[in-house]
Amino acid sequence: MSNPVTILAPIKLAPGVTETDLLAASETFQKEFVDQEACILRRELVKKSDTEYLDIVQFTDEKSFYEIMKKEQNHPVCQAFFALMSFTEEELASPMPIYQSLSSHSA
């Protein structure tokens, strides 16, 4: 059995997009896409600055992460969520780092 993997997806808001816009789209993304995918174990959106955020997503395994990445490319809710973000060409061309869980603890 594979260990869960975590993705740290940086988000930079596109010009004119507000945190309120991001939170609304994130909620829709969660309800209409993420909640439908059993391989997504956990998702947390955290704030770095007024325009920068981090979406922390844990998957059951690496294979599932890649399957979800493919699904996101053609899903209208995903595309609406991603449209609020600004990406450089370098960011789009770079693979997202994948972190494998070694151990987990609850508070």
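The buried residues of helix α2 pack against β1, α1 (residues 19-32), β2 (40-47), β3, α3 (76-82) and β4, where contact denotes heavy atoms within 4.5 Å and buried denotes under 20% relative accessible area, with exposed over 50% and partly exposed in between (1.4 Å probe, protein chains only). The model is predicted, with local features requiring pLDDT of at least 70 and side-chain atom pairs counting only at pLDDT 80 or more, while totals for chains, interfaces and linings use all residues. Residues are numbered from 1 along each chain as its sequence is written, and side-chain values use heavy atoms, with hydrogens and water left out.

Helix α2 spans residues 62-74, and its buried residues are S64, F65, I68 and E72. Seen down the axis of α2, these residues fall within an arc of 100°, so they line one face of the helix; the arc is that of the directions from the helix axis to the C-beta atoms. The face turned away from the buried side carries the exposed residues K63, K70, Q73 and N74. At the N-terminal end, α2 is capped by D61, a side-chain oxygen of which lies 3.2 Å from the backbone nitrogen of K63.

The chain as a whole has four helices and four strands, defined as DSSP runs numbered from the N terminus (helices H or I, at least four residues; strands E, at least two). From the N terminus on, these elements run in the order β-α-β-β-α-α-α-β. Of the 107 residues, 32% count as buried, and among contacts between residues at least 6 apart in sequence, 71% join residues at least 24 apart.

The four strands form an open sheet in the order β2-β3-β1-β4 with antiparallel pairing, two strands being paired if DSSP finds at least two bridges between them. Strands β2 and β4 stand at the edges, each with a single partner strand, so one side of each is left without a neighbour in the sheet. The twist averages 20° from one strand to the next, angles running from 0 to 180 degrees between N-to-C directions of axes fitted to C-alpha atoms, for helices over the stretch in contact.

Eight bridges join β1 (residues 5-12) to β3 (residues 52-59), with P10 standing opposite L54, whereas three bridges join β1 to β4 (residues 98-100), with T6 opposite Y99. Seven bridges join β2 to β3, and the bridge partner of R43 in β3 is V57. Helix α1 packs on this sheet, touching β1, β2 and β3, and its direction makes about 175° with that of β2.

Key
Polar contact = N/O pair within 3.5 Å; in protein donor to acceptor, adjacent residues only side chain to side chain.
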